[in-house]
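Visitor: I have a new model open. Please show me how to read it, one feature at a time.

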Amino acid sequence: MRTRPTLSWAPTGEPPPRTTSLDEVVDVLADRGALVLSGAGLSTESGIPDYRGDGGSLRRHTPMTYDEFTGSPAGRRRYWARSHLGWRTIARAQPNDGHRAVALLQARGHFSGVITQNVDGLHQAAGAQEVVELHGSLDRVICLDCRRTSPREELDRRLRAANPDFGGEATRINPDGDVELADEDVRGFELVACADCGSGVLKPDVVFFGENVPKPRVEHCYRLVDEAGALVVLGSSLTVMSGLRFVRHAAKAGKPVLIVNLGRTRGDQYANVRVDRPLGQALTELAARLG
């Protein structure tokens, strides 16, 4: 079963009060093992834009949907040509102060684990443990026929060999690893099949818009929320239900919900406190105050 992609959310009514103070966050994290739910806003300081911020990619870019990818050879060619260039930027990205602060706070016991909506692997690169990649990871590829998974580096080498003269210029990177690329650069791009079964369609091991997160992964995340003392949302607008449902679940269970994000979110009504600050700055201060 596929869901209709949720690409935008329009806030209504008066916004709940927001603050720049971390005092309430410090108080909660001092006493409880909190679970992190992170979004694209945490990776913007690493050079990867978010979807819905002031400079978000959805203002100019329609992300690939599952139906378009699986139902259209032309769609797959467009995705892989553009993602082939975008992957180089994602692979070079380094964790920022926010990622490092999350890993440090986890090592000190303030965070019990991390659920991330991001597909860039930067939490793990910063040293975080027990990271659940809710939407998968761009560094893996899966065959839709035989279900074999393989490293993205392996596919990158094969695509380079199949397209030795491919030299399109990427003008803008998007959070899903896609880039803006001229149509003429896409048309001649050669795809490759699964190296294991020889005929399968290869897809990045990520959840596309309109595709459901695997049920066992969702159930695991619910258990993590149940076991945590609080839920801390970092850099997510919570527009997509795949993340918002955990906020609702925590709030229904009476657990503190803390949101640190630039701008309003779809989950503001469920939060005990809403901190409006850049993530790197706020998390660095938080780590220092809890040190």
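Visitor: What share of the contacts in the protein with a separation of 6 or more comes from residues 24 or more positions apart?

Guide: Note that the model is predicted. Residues 24 or more positions apart supply 74% of those contacts.

Visitor: How many helices and strands does the protein have?

Guide: There are 10 helices and nine strands.

Visitor: How does the radius of gyration compare with the globule rule?

Guide: The rule takes 2.2 Å times the number of residues to the power 0.38. For 291 residues it gives 19 Å, and the protein's radius of gyration is 19 Å, so the protein is as compact as a globular protein of that length. The C-alpha trace spans about 55 × 35 × 35 Å along its principal axes.

Visitor: What percentage of the residues count as buried?

Guide: Buried means under 20% relative accessible area. Here 51% of the 291 residues qualify.

Visitor: Now a sheet. What is the strand order in the open sheet of three strands?

Guide: The order is S5-S4-S6, and the pairing is antiparallel. Strands S5 (149-151) and S6 (202-206) are the edges: each has a single partner strand, so one side of each lacks a neighbour in the sheet. From one strand to the next, the twist averages 45°.

Visitor: How many bridges join S4 to S5?

Guide: Three bridges link S4 (residues 136-143) to S5. Arg 140 stands opposite Pro 151 in S5.

Visitor: Which strands does helix H3 touch?

Guide: Helix H3 (residues 73-92) packs on the sheet and touches S4 and S6. Its direction makes about 140° with that of S4.

Terms used. Residues numbered from 1 in each chain as written. Predicted model: local features only at pLDDT ≥ 70, side-chain atom pairs only at ≥ 80, totals over all residues. Heavy atoms only, no water. Pairing = 2+ DSSP bridges. Helix = DSSP H or I, 4+ residues; strand = E, 2+ residues; numbered from the N terminus. Axes fitted to C-alpha atoms, helices over the stretch in contact; angles between N-to-C directions. Contact = heavy atoms within 4.5 Å. Buried < 20%, exposed > 50% of the residue type's maximum accessible area, 1.4 Å probe, protein only.
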